[in-house]
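Subject: Structure handover

Dear colleague,

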Amino acid sequence: ADEAAKEKASAKDALVAMRDRLVTADDPVAGNPKGDVTIVEFFDVRCPYCKNMEPEMAKFLAGDKKVRLVYKDLPILGAPSTLGAKALLAAKRQNAYEKLRDAVMKLPSANLTQEGLEAAAKQVGLDAGRLRKDMEDPAIRKQLDENLALAHALAIQGTPALIIGDELVPGTISADELKRLVAAARKAG
């Protein structure tokens, strides 16, 4: 119990120290961009737990229109995860991050190939040639490296990982738990 309390205090200290790096202008945003509470979600496109979190987050956001959701692509499950994360960040340049993210999170992991991602991109109305070109931009690789470094600094050990207020929440949680944590963050100011 003493060790768990120390870890929780350490995580809180790290969150305070990294607060200015949690949300950047390059990060994709869903929900209300001017929301009164921000949820930062670290996720991997291949993570089955992240995929299970999708309907819970959607249900929660449908019921609370005052929350900003910031996505942090965290490709920790190999090369296909990196490829998927690059595609999502490239889609942001076509104002279609959420559209492609929704499609990619429904793809079987075996389809996380260049061809599978380009097919998904075309399906949601993106220019696949532009997407392919943008995926190779060093700025996208830099953003992913920064996300990985931030996750390491925050001692995030898996996905999904949510930051709500000053709370780091590892793993999949329900819409009701999201509601409770956001209410606590609002109360804390």
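Below I describe a pair of helices, then what surrounds one of them, and finally the cysteines.

Please keep in mind that this is a predicted model.

Two packed helices are described by the angle between their axes and the distance between the axes. Here, the axes of helix α3, which covers residues 79-92, and helix α4, which covers residues 97-106, come within 7 Å of each other and cross at roughly 155°. Because angles over 145 degrees count as roughly antiparallel, α3 is described as roughly antiparallel to α4. On the α3 side, the residues that meet α4 are A87, L88, L89, A91 and K92, and their partners in α4 are Y97, L100, R101 and V104. Sorted by class, this contact of α3 with α4 has 7 nonpolar and 2 charged residues, with no polar ones.

Turning to α4 itself, its buried residues are Y97, L100, R101, A103, V104 and M105. The elements that cover these buried residues include the strands β2 (37-43) and β3 (67-73), together with the helices α2 (48-63), α3, α5 (114-123) and α6 (128-135).

As for the cysteines, the structure holds 0 disulfides.

Best wishes

Key: Residues numbered from 1 in each chain as written. Predicted model: local features only at pLDDT ≥ 70, side-chain atom pairs only at ≥ 80, totals over all residues. Heavy atoms only, no water. Axes fitted to C-alpha atoms, helices over the stretch in contact; angles between N-to-C directions. Helix = DSSP H or I, 4+ residues; strand = E, 2+ residues; numbered from the N terminus. Parallel < 35°, antiparallel > 145°, perpendicular 65-115°, else oblique. Contact = heavy atoms within 4.5 Å. Nonpolar A, V, L, I, M, F, W, Y, C, P; charged D, E, K, R; others polar. Disulfide = S-S within 2.5 Å. Buried < 20%, exposed > 50% of the residue type's maximum accessible area, 1.4 Å probe, protein only.
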